[in-house]
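Visitor: I am new to reading protein structures. Could you take me through one, feature by feature?

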Amino acid sequence: DIQSITLKGIEGLAKIQEILETLRKDPPTKIAGYQVLRARDYKVDTIKDMVTGEITSTNLPASNVLYYDLPDNAWVCVRPSGTEPKVKFYYGVIGTSLEDAEKKSAEVGKEILAMIDKML
């Protein structure tokens with residue numbers, strides 16, 4: 001699924017960058033009850049193991065994208081839009097059924113919005 005936050009104008013662009021820098025400097029340790037296992041930062045070419053603190057390289061080109069690996073193959077990816085004044089949050093979960101996956105997805109989406117609301 002996807003959640004996006006629109007922030008218009010010069011102030012909005014600055015706020016989008018501030019949100020990304022905040023997440024970059026202080027990655028979340030939990031998202032909707034999921035422990036963040038690894039935090040990938042493609043801008044600075046790092047993958048941080050959130051348990052051991054070990055940092056390795058992504059070995060990919062630089063891009064203003066943050067990606068969080070969660071248990072059970074769940075994930076969250078954050079990036080600014082290239083064409084609109086938005087910051088976008090893509091995420092995926094796996095459930096035991098479609099109903100379970102939809103419930104988990106809704107919880108992740110709700111928590112992402114709450115997390116960003118605190119930054120605004």
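Visitor: In what order do the elements of the protein run from the N terminus on?

Guide: First, a caution: this is a predicted model. The order is β-α-β-β-β-β-β-β-β-β-α. That comes to two helices and nine strands.

Visitor: How does the radius of gyration of the protein fit a compact globule?

Guide: Compare it with the value for the chain length. A compact globule of 120 residues would have a radius of gyration near 14 Å, and the protein has 14 Å, so the two agree. The C-alpha atoms fill a box of roughly 45 × 30 × 25 Å along the principal axes.

Visitor: Which residues touch the most other members of the largest nonpolar core?

Guide: The general idea comes first. In soluble globular proteins, nonpolar side chains tend to be buried together. Here the largest nonpolar core has 26 residues, and Leu-23, Tyr-68, Val-76, Val-78 and Val-108 touch the most other members. Elements giving two or more residues to this core include helix 1 (9–25) and strand 8 (75–80). Helix 2 gives the most, with five residues.

Visitor: What does Tyr-68 touch?

Guide: Leave out residues up to four places away in sequence; among its partners are then Leu-23, Pro-27, Ile-31, Val-76 and Val-78.

Visitor: How many aromatic pairs does the structure hold?

Guide: One. A pair of aromatic rings is described by the distance of the centres and the angle of the planes. Tyr-67 and Trp-75 are stacked, 5.7 Å centre to centre, with 5° between the planes.

Visitor: Is Tyr-67 buried or exposed?

Guide: Tyr-67 counts as buried, because its relative accessibility is 18% and the cut-off is under 20%. Trp-75, at 27%, is partly exposed.

Technical notes:
Residues are numbered from 1 along each chain as its sequence is written. This is a predicted model: local features need pLDDT of at least 70, side-chain atom pairs count only at pLDDT 80 or more; totals for chains, interfaces and linings use all residues. Side-chain values use heavy atoms; hydrogens and water are left out. Rings of Phe, Tyr and Trp (its six-membered ring) pair if their centres lie within 6.5 Å; planes under 30 degrees apart count as stacked, over 60 as edge-to-face and the rest as tilted. Buried means under 20% relative accessible area, exposed over 50%, partly exposed in between (1.4 Å probe, protein chains only). A nonpolar core is a set of buried Ala, Val, Leu, Ile, Met, Phe, Trp, Tyr and Cys residues joined through side-chain atoms within 4.5 Å. Helices (H or I, at least four residues) and strands (E, at least two) are DSSP runs, numbered from the N terminus. Contact means heavy atoms within 4.5 Å. The radius of gyration is taken over C-alpha atoms; the globule rule is 2.2 Å times the number of residues to the power 0.38.
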